[in-house]
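Please look over the chain shown here before reading on, with its sequence and its fold side by side.

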Amino acid sequence: QVQLVESGGGAVQPGGSLRLTCAASDKIFNIYTMAWYRQAPGKQREFIGDISSSGRPTIRDSVKGRFTITRDHAKKTVYLQMNSLKPDDTAVYYCNRPNAMVPWGQGTQVTVSS
């Protein structure tokens with residue numbers, strides 16, 4: 001069974017930055033497109049963007065220019081770099097395989113407040 005572990009969240013002031021990390025236990029992690037999602041209080045889980053096995057990212061317009069997705073095949077990790085954070089970015093952030101989903105991890109909490 002594949003386990004997803006998100007980390008790197010925390011509390012930050014508006015305008016700050018965080019880099020989230022997604023790691024998986026499987027040995028074939030690198031062949032999958034990986035996606036980031038978030039779920040704000042009282043909201044449904046929202047797709048943020050994804051990155052292909054070759055490293056091509058797709059970012060939704062609402063966060064384009066502020067968020068960047070990268071991956072490191074050697075470390076079998078996927079990153080979400082978040083800059084210029086806003087209070088509306090407050091959410092629990094998750095990763096998963098959009099084309100072959102596995103059980104959700106616990107996510108990592110991002111709180112943006114003054």
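## Overall fold

The model is a predicted one, and its secondary structure consists of ten strands and zero helices. Read from the N terminus, the order of elements is β-β-β-β-β-β-β-β-β-β. The radius of gyration is 13 Å, close to the 13 Å that the globule rule gives for 114 residues, so the chain is as compact as a globular protein of that length.

Taken along the principal axes, the box filled by the C-alpha atoms is roughly 40 × 25 × 20 Å. Among contacts between residues at least 6 apart in sequence, 51% join residues that are at least 24 apart.

## Surface and charge

Of the 114 residues of the chain, 43% count as buried. The accessible surface comes to about 6100 Å², and carbon and sulfur atoms account for 48% of that surface.

The chain carries 14 positive and 8 negative side chains, and the centres of these two sets lie 3 Å apart.

## The nonpolar core

The largest nonpolar core has 26 residues, of which Trp36, Phe67, Val78, Leu80, Met82 and Tyr93 touch the most other members. At least two residues of this core come from each of the strands E3 (18–24), E4 (34–39), E5 (46–51), E7 (67–72), E8 (77–82), E9 (91–96) and E10 (108–112). Strand E3 gives the most to this core, with four residues.

Leu80 shows in detail what one of these members touches. Leaving aside residues up to four places away in sequence, Leu80 is in contact with Leu18, Arg19, Leu20, Trp36, Ile48, Phe67, Thr68, Ile69 and Tyr93.

## Val92 in strand E9

Val92 is found in strand E9. With a relative accessible area of 17%, Val92 falls under the 20% cut-off and is therefore buried. Not counting residues up to four places away in sequence, Val92 touches Tyr37, Arg38 and Gln39, and also Gln106, Gly107, Thr108 and Gln109.

## Two loop residues with positive phi

Lys76 is located in the loop between E7 and E8, and Lys76 has a positive phi of about 55° although it is not a glycine. The relative accessible area of Lys76 is 28%, and Lys76 is thus classed as partly exposed.

Ser84 lies in the loop between E8 and E9, and here too the residue is not a glycine, yet phi is positive, at about 50°. Ser84 has a relative accessibility of 41% and counts as partly exposed.

Gln3 sits in the segment before strand E1 (4–7). Is Gln3 buried or exposed? Its relative accessibility is 53%, and because exposed means over 50%, Gln3 counts as exposed.

Thr90, by contrast, is 87 residues from Gln3 in sequence and 24 Å from Gln3 in space, C-alpha to C-alpha.

Methods: Residues are numbered from 1 along each chain as its sequence is written. This is a predicted model: local features need pLDDT of at least 70, side-chain atom pairs count only at pLDDT 80 or more; totals for chains, interfaces and linings use all residues. Side-chain values use heavy atoms; hydrogens and water are left out. The radius of gyration is taken over C-alpha atoms; the globule rule is 2.2 Å times the number of residues to the power 0.38. Buried means under 20% relative accessible area, exposed over 50%, partly exposed in between (1.4 Å probe, protein chains only). Contact means heavy atoms within 4.5 Å. Accessible areas come from the Shrake-Rupley method with a 1.4 Å probe; for residues, only the protein chains shown count as cover. Lys and Arg count as positive and Asp and Glu as negative; His and the chain ends are not counted. The place of a charge is taken as NZ of Lys, CZ of Arg, CG of Asp or CD of Glu. A nonpolar core is a set of buried Ala, Val, Leu, Ile, Met, Phe, Trp, Tyr and Cys residues joined through side-chain atoms within 4.5 Å.
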